[in-house]
Every structure is written in structure tokens, then in C-alpha cells.
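Got the viewer open and the cartoon showing? Let's take a walk through this one, stop by stop.

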Amino acid sequence: MNIHEYQAKELLAKFGIGIPAGVAATTVDQAVAGAETLPGPLYVVKAQIHAGGRGKGKFKELGADAKGGVRLAKSIDDVRGDAEEMLGNTLVTAQTGDAGKEVNRLYVTDGVDIKEEYYLALLVDRASGRVAMVVSTEGGMDIEAVAHGTPEKITTITIDPLAGFTDSDGRKAADALELSGDLADACVALTGNLYEAFLKLDCAMLEINPLVETDDGQLLVLDTKMSFDSNAEFRHPEWAALRDESEEDPMELEASKHDLAYIKLDGNIGCMVNGAGLAMATMDIIKLNGAFPANFLDVGGGATKEKVTSAFKIILSDPAVEGILVNIFGGIMKCDIIAEGIVAAAKEVDLDVPLVVRLEGTNVAKGKDILANSGLPIVSADDLGDAARKIVAQVRK
Ligand code: ADP
Ligand code: MG
């Protein structure tokens, strides 16, 4: 789960982390009123969307010369002008895709005199099974290029979970950022606080780019991206208020309400499968047969009729879907029960695209009979290869 920059900064500030003052706004008047509470004379007006690369982004509705999604404003009037241009318009960045994202929220923040820009991130490193801190002197807007071209400029520090974050880890970060004296001390304190925040907030990723050294010798977080580990949702009731559903894919949002693991993809064959591994294999075999899956969908172990119906509805709400492949292994759930669920769901949603069903497992013969006698044009398949060939042939007709 991702949150906005302004929300992440409010959370980090509680851990004693240096953040420039700022105010979130959803209207031009709020942006102006917010700017008036800041010291000035330099303000920064920042689009709040769940995507990075805003500084270099372009607004669809504005000309190519117009400023991007992070704007320096030299007066309150400029803040007003920028807010008017940004709110309600669509920002396209390297991370939004061509469709871009509509900007409905701004963050007006204090302009900072930057001496140096650094990069710092904390993430769960699967290779070491530990939290890793990644730092680089090459902060700013081109970190992806640094990772590609000059990876030696990126230092990774893995944190021992038993010892926790030590001063020695903090020194390593300061050394990698080429900081000395008071700034190195500030870096040790800051990195320790960031690690504490990462653990307590149950982050999956916390990226700070840039972390800056200011002209007056402070280390400040100028931009941050924070995402939470959804597995820890049960102990964070406060996350509900941080969620911005307008930033999420509507179909994925609907699926999460029915406890379905659904990810929208680019192809035209809708998939309904039980078990993530089987769902991956199903997508692979569709591709092997020359077509592309429209989604990943795992209905889970106990696929009830209600779940199957919701899954059908979600798959069919995607206009790209031209056929559906159901691939279910009846282990805990018996195949006849699943078949009844599929038939009932197909009738309820007025299925109007070809449907190929591959069932395997307990009571498979009974299940296939139910499909065959349903009066619906359901094509039954014997195995996964057969199923993939049949659905690909159906959508190509
Ligand atoms: P993004 O990464 O989405 O492009 P950032 O918040 O990192 O957005 O902003 C892009 C650049 O704008 C930063 O690298 C920094 O140079 C500048 N910037 C951002 N916030 C401020 C600020 N408060 N004061 C001065 N410059 C800023
Ligand atoms: Mg940034």
C-alpha cells in the first residue's frame, strides 16, 4: 500500500526526522492559505500522486514548455498560479504510464537552499533476508540512470536484525555520502531514526530522494516515497485513513474487497485460477500459446460460489477481455461444488465471451458432467495445455 509524500513526511516528522514545513491542499485557496503560513520567500508546489518523477513530468493539458509537477514559486501569487495550473490536470511522468494521473492534491512546502542532493532508501532485501539501506551521493532526479551507468556509486548496507541499526551502520552511510564532522553526526542520528521509523511503521519501502544538505548545514528530507507491508495491516488500523482509493486501480480495489488477489495485465484472456503458483503457470502457458493474459487472479483455496461470481464480474468489467480461462484444482474444494459455482456465476453475469474450464481433482467427473449439462456454451478441457490451446483458439476466431 502506497501513501502520499505529505502523509509520509508527517509520519517521519514524529521520529525526529528533519522535514521542511509544508501544508497539503485540495483547492487553490487552501494552497494559498497554506503558503501564507510558511516563512517564504521561496515555496515549492508539489503534485501529490502515487508516482515519482514528478519534477520532470509534463501536464497533458498544458504546453510542452509548461513547468512540471514540482514547481519553485517565488511569491504567494506564483503559488496561486501554479496551483491553478496543476489542480485537476493530468501529470504524465516516467512512472505513471501514458495515461498519467490526475492531480487532485498539492503539497505546498518551504523552499530550501540546496547544497548537495543525496539518495537514501530502506527496503526489505530478499537476497539477504534483511532490511537494507541503500545510499548514494548521486541523489536527485536521475537515480535510475546512476543504477544503470555507475552502480559503484551506490552503497548497500545490510542491517543485522538482532543488533538493530548501530552507529557503525550510520557511519558507513555517512562515509558513503562523503560526510564529515557535524554532518556525519547528523547522518548517524538521521539514519538511526529512519530505521526506527521503517520498522515501527511496517514499511515495505522508504525512499528519500533527495535527502539534502542545506546551505546552512542541515540534513533534510525533501522528497519521500513510502509504502507499507500489507501483511502488517492487522496492527495498523490507522492505515485506513491514509489510503487514497482514487490512486488505486478500480478493479484491483474491488477485488481486494472480496479478498481476491487480482492484478490487471495487458492481454485479452481473463484468468480465474486457485492458488498463486497455478495462476502463474496458467499465465505462462497462455503466453506459450501465443496470447496474453488480461489479469492475474487467485480466488484462493476456499473458492465459494460468491467468490467465483465476484471474480467473474471483475474479469468481465475489463473491456479488453475476449475470453476466460478457468483453471481450478479441486483439492479442499470438490470439483462438483466448483462446477456448480461456475455455472451459477456464468448465468448470473450473462457471460457473453467464450469460457474454457479446466477442472482437476476430487470429483472431477461429476464436475465435468455439471458443466456439460448446464446448457451454457462452456468448453471443457482435459489438462492445462489443452485448456490454453482451446481458449487461445476461441479468442482468435
Ligand atoms: P520527484 O522525485 O517526483 O521529481 P522531488 O520532490 O524529488 O519530486 O522534486 C524534484 C526536485 O525538486 C528535487 O530533486 C529538488 O531538487 C527539488 N525540490 C523538491 N523539493 C524542494 C524544496 N522543498 N526546496 C527546494 N527544492 C526542492
Ligand atoms: Mg524525488
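Start by selecting Trp239: at 3% relative accessibility it counts as buried, where buried means under 20% relative accessible area, exposed over 50% and partly exposed in between (1.4 Å probe, protein chains only). Bear in mind that this is a predicted model, in which local features need pLDDT of at least 70, side-chain atom pairs count only at pLDDT 80 or more, and totals for chains, interfaces and linings use all residues. Residues are numbered from 1 along each chain as its sequence is written, chains are lettered from A and ligands numbered from 1 in the order in which they are written, and side-chain values use heavy atoms, with hydrogens and water left out.

**Aromatic stops**

What kind of pair do the rings of Phe228 and Trp239 make? The pair is stacked, because the ring centres are 4.3 Å apart and the planes meet at 5°. For the cut-offs: rings of Phe, Tyr and Trp (its six-membered ring) pair if their centres lie within 6.5 Å, and planes under 30 degrees apart count as stacked, over 60 as edge-to-face and the rest as tilted. Phe228 sits in strand E14 (residues 224–228) and Trp239 in helix H7 (residues 239–242), so the pair ties together parts eleven residues apart in sequence. Those labels are DSSP runs numbered from the N terminus: helices are H or I with at least four residues, strands are E with at least two.

The structure holds three aromatic pairs. For another of them, pick Tyr6 and Tyr107: their ring centres are 6.3 Å apart with planes at 35°, so this pair is tilted. It links distant parts of the chain, with Tyr6 in helix H1 (residues 5–13) and Tyr107 in strand E8 (residues 106–110), 101 residues apart. Tyr6 is buried at 10% relative accessibility, and Tyr107 is buried at 4%.

**A buried aspartate**

Next, go to Asp318, in the loop between helix H10 (305–316) and strand E18 (323–330). Asp318 is buried, at 4% relative accessibility. Show what surrounds it: beyond its neighbours within four places in sequence, Asp318 is in contact (heavy atoms within 4.5 Å) with Met251, Tyr262, Lys264 and Ala294.

Now switch to the backbone. The peptide bond from Gly40 to Pro41 is cis, with omega near 0°; Pro41 is in the loop between helix H2 (28–36) and strand E3 (43–47). Another cis bond joins Asn209 and Pro210, with omega about 10°, and Pro210 is in strand E12 (residues 203–214).

Then try Glu178, where phi is near 60°, a positive value in a residue other than glycine. Glu178 is in the loop between helix H5 (167–176) and helix H6 (181–200) and is exposed, at 65% relative accessibility. Asn363 also has phi near 60°; look for it in the loop between strand E19 (355–361) and helix H12 (364–372), partly exposed with a relative accessible area of 30%.

**Zooming out**

The chain has 13 helices and 20 strands, and its C-alpha atoms fill a box of roughly 80 × 50 × 40 Å along the principal axes. Of its 397 residues, 50% count as buried.
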